[in-house]
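Subject: Structure handover and what turned up in it

Hello,

Here is the structure I promised to pass on. Please open it beside this email and follow along as you read.

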Amino acid sequence: AAASLMLLATAAQAAPPRGTLATVERVTDGDTLMATSENATTLRIRLLGIDAPETPHRGKPGQPFGLEAGRYLARLVLNRQVRIEFFGPDVYRRILAVLWHDGANVNVEMVRNGFAEVYRGTRCQAYCRELGDAERWAQRERAGMWAQERYESPAAYRRRNRIS
């Protein structure tokens, strides 16, 4: 019986995440967007595993590369059909997801090009090795935000400016 339970638990963990095709309608910032699924459902998406620099918000200034990160994400996916892998909701009821476009993991591309870092607020859920490799490469190449003399992580910026 214990072996059967172990087999079921392993099978459940190995099951692929749910997903859908959708068209990206709006990019809010470097890690958040709105998309419309094939069945016309509006989806608020938060890219899983990454943290992009903050954009100006409620009277607070944004971070360096915050606007650029949003523009880069828009260039990758705005008005395009993407495949979305769902990983559940976040605390703001957005869908945590990995986006795929033309065979590329968009989340990893954001990190590799220096427009986001690996999210450190929770344990990594998916594509952990790829995200880590992409961040190390971007840092080494001083890509995007890593070219700054003084880098401040989005999390540290939010804490310093009391942004939730």
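Are D51 and R158 buried or exposed? Both are buried, where buried means under 20% relative accessible area, exposed means over 50%, and partly exposed lies in between (1.4 Å probe, protein chains only). More on that pair below.

First, the ground rules. This is a predicted model, so local features need pLDDT of at least 70 and side-chain atom pairs count only at pLDDT 80 or more, while totals for chains, interfaces and linings use all residues. Residues are numbered from 1 along each chain as its sequence is written, and side-chain values use heavy atoms, with hydrogens and water left out.

**Overall layout**

The protein has five helices and eight strands. Both are DSSP runs numbered from the N terminus: helices are H or I with at least four residues, strands are E with at least two. Along the sequence the pattern reads α-β-β-β-β-α-β-β-β-α-β-α-α. Of the 164 residues, 43% are buried. Now take the contacts (heavy atoms within 4.5 Å) with a separation of 6 or more: residues 24 or more positions apart account for 59% of them. The accessible surface is about 9800 Å², and carbon and sulfur atoms hold 52% of it. That area comes from the Shrake-Rupley method with a 1.4 Å probe; for residues, only the protein chains shown count as cover.

Look at α2, residues 66-77. Its twelve residues reach 17 Å from first C-alpha to last, close to the expected 16 Å. The expected span is 1.5 Å times one less than the number of residues. Its buried residues are G66, A69, G70, Y72, L73, A74 and V77. An α-helix has 3.6 residues a turn, so residues three or four places apart point the same way. The cover over the buried residues of α2 includes strands β1, β2, β3, β5 and β6, along with helix α3. Just after α2, N79 takes a positive phi of about 65°.

A nonpolar core is a set of buried Ala, Val, Leu, Ile, Met, Phe, Trp, Tyr and Cys residues joined through side-chain atoms within 4.5 Å. The largest one here has 29 residues. Which of them touch the most other members? They are L33, I45, L73, V77, I84, L99 and M110. Two or more residues come from each of β1, β2, β3, α2, β5, β6, α3 and α4. Helix α2 gives the most, with five residues.

Click on I84 next. A second, separate core has five residues, among them L48, L96, W100 and A126.

**Salt bridges**

There are ten salt bridges. Each one is a side-chain nitrogen of Lys or Arg within 4 Å of a carboxyl oxygen of Asp or Glu. Back to the opening pair: the side chains of D51 and R158 meet at 2.8 Å, N to O. D51 lies in strand β4 and R158 in helix α5, so the pair ties together parts that are 107 residues apart in sequence.

R94 and D90 form another bridge, at 2.6 Å. R94 is buried at 15% relative accessible area, and D90 is buried at 15% too. E117 and R120 meet at 3.8 Å. Here E117 is buried, at 6%, but R120 is exposed, at 55%. Bridges that share partners also join D31, R46, D51, E54 and R158 into one network.

**The loop between α4 and α5**

Where is Q148? Q148 sits in the loop between α4 and α5. Q148 is buried, with a relative accessible area of 17%. A polar atom of its side chain lies 2.8 Å from the backbone oxygen of M145. Beyond its neighbours within four places in sequence, Q148 contacts P64, F65 and R142.

M145 is in the loop between α4 and α5 as well. M145 is buried, at 0% relative accessible area. Leaving out residues up to four places away, M145 touches P53, F65, G114, F115, A116, E117 and Y151. M145 and A69 are 76 residues apart in sequence and 9.0 Å apart in space, C-alpha to C-alpha.

Best wishes

How values were computed. Polar contact = N/O pair within 3.5 Å; in protein donor to acceptor, adjacent residues only side chain to side chain.
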